[in-house]
Amino acid sequence: MEGFRERFILCCQSTFPCFGDPANEFTKPPNRELPPTPVEKPGCVYIALYDYTARTENDLSFNAGDKLEPLRKEEDWWYARGITGISANKEGYIPANYVAPEESLDAEPWYFPETKRLEAEKMLMSQENKNGAFLIRNCESQAGELSLSALLQNKKVKHFKIRRLDNGGYFVSRIQSFFTLKELVEHYSNVDGLSVRLTEPCKKTMAPETHGLSYNTVDQWEIPRSSLKLLKKLGAGQFGEVYEGIWNDSTAVAVKTLKPGSMDTKDFLREAQIMKKLRHPKLIQLYAVCTTEEPIYIVTELMSNGSLLEYLQKDRGASLQMSDQIEMGSQVASGMAFIELQNYIHRDLAARNVLVGDNNVCKVADFGLARVFQMENENVYEAKEGGKFPVKWTAPEAIHENKFTIKSDVWSFGILLYEIVTFGQMPYPTMTNFQVIQQLPKGYRMPCPLNCPKYLYDIMSECWKDSPADRPTFETLQWKLEDCFDMDVSSYDDTNRY
Ligand code: AMP
C-alpha cells in the first residue's frame, strides 16, 4: 500500500507544474480595467456559508444564509449582487470560497466535507452547540464515504457511518434508507432512530481564509505601506520583528518587518512569487508585500497563538493531550504533503516555523524563506560553508553535501515530532551541534522520549533513515498520523465505527 502511495505521489509530481520559473508579476500592470466577462447565466443563486464583512469599499458584506447572484466570476473573488439579507440589492466583490450554489450539498449548513473526525469532535463540543448538534463529513478511513457526527447528552460525540445503496440512496441503519442526505437528516431530526435526535447543524465558527486580502490584492499584491497600521509587537525572529497589524482599517494581519540588508530584494521577490501560489489550509498564506523601501514588510494571515514552539513550551501538557499532539503533527504533515506535491522544499521545518491559531490549528510558515535569508540566530543556525544551518534539524546529506530535498524536510519533520512530544525541548539535549554532526553518520539517533508512544517514535525513526529514499513521503506521514487517531476508539459507535 505504502509503495502504491509513494508511486502515486511520483505520478502526481510529474504532472504538476514546478514553480521554479516565476514570471515577474510584480511589474505586470493590473488588468482590472478590462471589461468584465459574464460567465454565469443570470439568475443562478448562491448561498453564503459564512458571515463576511467588507474590507474595501468595493466589497459586499453578507451574513451566512444570505442569497447572492454572481454577476461576474473570476478565480477567487466574484462580483455579485445581494438578493436577500444585509446585501440585498447591493453589488460588490465577494470571496468565492464563502458561497455555494443554492440546493447543492455544499450549501447545506450541516455539510462539513473536509472536517476530520477529531476536528468534528472539537467543533461539536464547543460551547455554542447543544445536544443533538450534528454534521456530515467525509470519512477519513474510507475515501468517498461519509460519516455523521452528533453531540450526545453527556457531551460526547458519536460517529455513524452513512452507507450508500447501489441505486444511490443512503442509510445509517438498514431499516430505513433515503434518496438524499437531506431526507436522511430530516428523518433523524424527527424520530429517535439513532441514539440521539438530530437538532441543529454544528455552528460554523471559523470562516476559511479568503484568497488574498481582497479582489484588488490578488494581482496587485505590492500594497501601499500606508494601508497598514502596526498595532502590537508579537515577537522577533531571525529576520526581523513581527507585528499584529490591521490592513485598510478592516482586516487583522501579521506584518513581518525585515531587518534591512537581511536579504536581496530581488531574490526575495522571486521566492515570494512561488510562496504566494502555495495555498493550502495548513500553510500560512502570504497576503501582500511592501518592498519599495526598507524595511520590507511581508503581510500574512495572523495566528492567535504564535509559534508552535512557544505554544508547546508554555503548555507543557497542562491542556494538550497526546491526541492533540498527534493531531498537530498530522496538520503539519498535511501542509508539507501539499508542498511535496508542488515539488517545493521548505528547508527550515521546525516547531519555531509552525504557527498556531484557535483550537490548536497549526499552519506551516516561512516555507522557502531559508533560501533567501542570511540566518542569524547563532544558537540554532550554525555557519557552514555556503550558508548557515539549523544543525539539529538538518538531514546529514543537507549538512555535508548541501542536498536539500523534500526528503531532508522529512528528516526535519521527525525532529519536529520530537519537539511536539517533548513540549518544545531542544533536540539532542545533551549534545552540541558538533557532536550531532559527528554522531549521526555513526548511526546515532535520539532515543524514544519519555511518555512518547512507540508508534510515534517508530514514525520519527522512519524520518531519520540514512538514505533519503528510504524515508516516507509526507503523504504517508499524514495518513500514518491520522491512523493513530483510530487507535482511540472510545468515541465510536460500536457497530458503526467511522
Ligand atoms: P519569526 O520571525 O517568523 O521567527 O517570528 C517571530 C515570532 O513572531 C514568532 O515566534 C511568533 O510568536 C510571532 N509570529 C510570527 N508570525 C506570526 C503570525 N503570522 N501570526 C502570529 N504570530 C506570529
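How many bridges pair strand S9 with S10, and in which sense do the two strands run? Keep that in mind as you start. The model on your screen is predicted.

**Stop 1: strands S9 and S10**

Select residues 170-171, which form strand S9. Now pick out Phe171. Opposite Phe171 stands Ser177 of S10.

**Stop 2: the sheet around them**

**Stop 3: another sheet**

Move to strands S1 to S5. Here, too, five strands form an open sheet. Trace the order carefully: S4-S3-S2-S1-S5. The pairing is antiparallel. Which strands stand at the edges? They are S4 (91-95) and S5 (99-101). Each has a single partner strand, so one side of each is left without a neighbour in the sheet. Turn the view and follow the twist. From one strand to the next, the twist averages 45 degrees.

**Stop 4: strands S1 and S2**

Stay in this sheet. Select residues 46-48 for S1 and residues 67-73 for S2. The two strands run antiparallel and are joined by two bridges. Click on Ile47. Its bridge partner in S2 is Lys67.

**Stop 5: an aromatic pair**

The structure holds nine aromatic pairs. One of them is Tyr46 with Trp78. Show both side chains. The ring centres are 5.2 Å apart, with 85 degrees between the planes. That makes the pair edge-to-face. Tyr46 lies in S1, while Trp78 lies in S3 (residues 77-82), so the pair ties together parts that are 32 residues apart in sequence.

**Stop 6: helices H9 and H11**

Now select residues 406-421, helix H9, and residues 454-463, helix H11. The two helices pack at an angle of about 150 degrees. Their axes are 7 Å apart. Why are they called roughly antiparallel? Angles over 145 degrees count as roughly antiparallel, and therefore H9 and H11 are described that way. H9 passes H11 in a left-handed crossing.

Show the side chains in the contact. From H9, include Val410, Trp411, Phe413 and Leu417. From H11, take Leu456, Ile459, Met460 and Cys463. Colour the whole contact by class. It has ten nonpolar residues, one polar and no charged ones.

Technical notes. Residues are numbered from 1 along each chain as its sequence is written. This is a predicted model: local features need pLDDT of at least 70, side-chain atom pairs count only at pLDDT 80 or more; totals for chains, interfaces and linings use all residues. Side-chain values use heavy atoms; hydrogens and water are left out. Axes are lines fitted to C-alpha atoms, for helices over the stretch in contact, and angles run from 0 to 180 degrees between N-to-C directions. Helices (H or I, at least four residues) and strands (E, at least two) are DSSP runs, numbered from the N terminus. Angles under 35 degrees count as roughly parallel, over 145 as roughly antiparallel, 65 to 115 as roughly perpendicular and the rest as oblique. A crossing is left-handed if the near helix is turned anticlockwise from the far one by less than a right angle, and right-handed if clockwise. Contact means heavy atoms within 4.5 Å. Ala, Val, Leu, Ile, Met, Phe, Trp, Tyr, Cys and Pro count as nonpolar, Asp, Glu, Lys and Arg as charged, and the others, Gly among them, as polar. Two strands pair if DSSP finds at least two bridges between them. Rings of Phe, Tyr and Trp (its six-membered ring) pair if their centres lie within 6.5 Å; planes under 30 degrees apart count as stacked, over 60 as edge-to-face and the rest as tilted.
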